[in-house]
Amino acid sequence: MNVPAKYIHFNSWLQISVSNLIVIVIMLALFAAAILLPFPGARSKSNKVPGEKK
Amino acid sequence: MNTETQTTEDSKMWTARLRNSWQRNLPIDKLLPDTQPAYVASWIYVFGVLTLVALVDIVISGLILSFAGPAWYHSSSLGLFVNSLHFWGVQLFFVFMVVHLWGKFWMAAWRGRRTATWITGMVAFLASIGTAFTGYLIQTNFDSQWIAFEAKDGFNAVGVGAFFTPTNIGQIMLIHVALLPLVLGILTVMHVLLVRKHGVVPPIDAQPEIEVV
């Protein structure tokens with residue numbers, strides 16, 4: 001890690017290192033996937049909160 | 001009411017009061033549930049426990065690193081591997097925690113008396129940043145030297161330079177391996193117990209009492 005980071009410059013008002021940009025893109029992709037992808041093996045269950053009396 | 005129960009309820013002992021309070025607030029079926037509401041079957045609910053898994057990796061690899069020392073983890077191949085497990089565990093920890101944070105923010109997870117759960121999570125996030133920062137400072141390479149000297153100017157500028165000295169590796173090492181893990185550990189336990197007490201937050205449009213077929 002003892003090398004200078006590569007930076008991307010957008011116009012003159014924003015600069016971000018490639019590694020930080022990659023991490024942010026991965027997090028956004030994970031978030032979108034977590035919302036959109038169906039959960040495998042989801043079983044039908046009650047919406048009752050555990051421990052709550054009916 | 002039998003005699004034993006009456007004795008327990010009437011007792012002024014702090015142990016009895018603590019036990020009764022625990023049983024009232026966090027009975028065992030809430031602490032260790034075997035079912036969850038249907039809305040939990042979504043990937044967005046997985047990221048809290050993924051964060052915990054990454055934390056376990058960080059703690060175990062960190063314990064090995066602290067016992068073996070820098071001479072081992074900078075030179076031997078096994079040491080470098082455990083060092084990498086620690087480093088990449090931290091990257092995953094933050095990625096999972098940020099996705100968890102986004103998910104909970106957009107479903108307004110502080111609803112339903114869950115303010116303390118939200119606050120402990122938020123403070124744990126801040127403590128994690130401090131722990132990661134002190135970790136970067138003790139890499140004992142040029143990168144950590146650069147970060148330490150930049151941070152030194154920052155701390156001096158805000159007037160706390162007398163208390164935090166990023167260039168003092170002994171101080172930073174102890175903060176990283178003892179103080180902040182303790183704080184983060186306590187906050188994590190509180191956070192998880194509060195999640196157990198109040199249950200995971202339902203989506204905004206969920207109707208809690210409806211049976212799903």
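Author: Happy to! Axes here are lines fitted to C-alpha atoms, for helices over the stretch in contact, and angles run from 0 to 180 degrees between N-to-C directions. Helices are DSSP runs (H or I, at least four residues), numbered from the N terminus. This is a predicted model, where local features need pLDDT of at least 70, side-chain atom pairs count only at pLDDT 80 or more, and totals for chains, interfaces and linings use all residues. Residues are numbered from 1 along each chain as its sequence is written, while chains are lettered from A and ligands numbered from 1 in the order in which they are written.

Let's start with helix 7 of chain B and helix 9 (residues 169-198) of chain B, whose axes come within 9 Å and cross at roughly 160°. That crossing makes helix 7 of chain B roughly antiparallel (an angle over 145 degrees) to helix 9 of chain B. Their contact is made up of 15 nonpolar, 12 polar and no charged residues; Ala, Val, Leu, Ile, Met, Phe, Trp, Tyr, Cys and Pro count as nonpolar, Asp, Glu, Lys and Arg as charged, and the others, Gly among them, as polar.

Now for helix 4 (residues 47-68) of chain B and helix 6 (residues 77-106) of chain B: their axes cross at roughly 155° and come within 8 Å. Helix 4 of chain B and helix 6 of chain B are therefore roughly antiparallel too. In this contact, 16 residues are nonpolar, 10 polar and 1 charged. After helix 6 of chain B comes Ala108(B), with a positive phi near 50°.

Notes. Helix = DSSP H or I, 4+ residues; strand = E, 2+ residues; numbered from the N terminus. Parallel < 35°, antiparallel > 145°, perpendicular 65-115°, else oblique.
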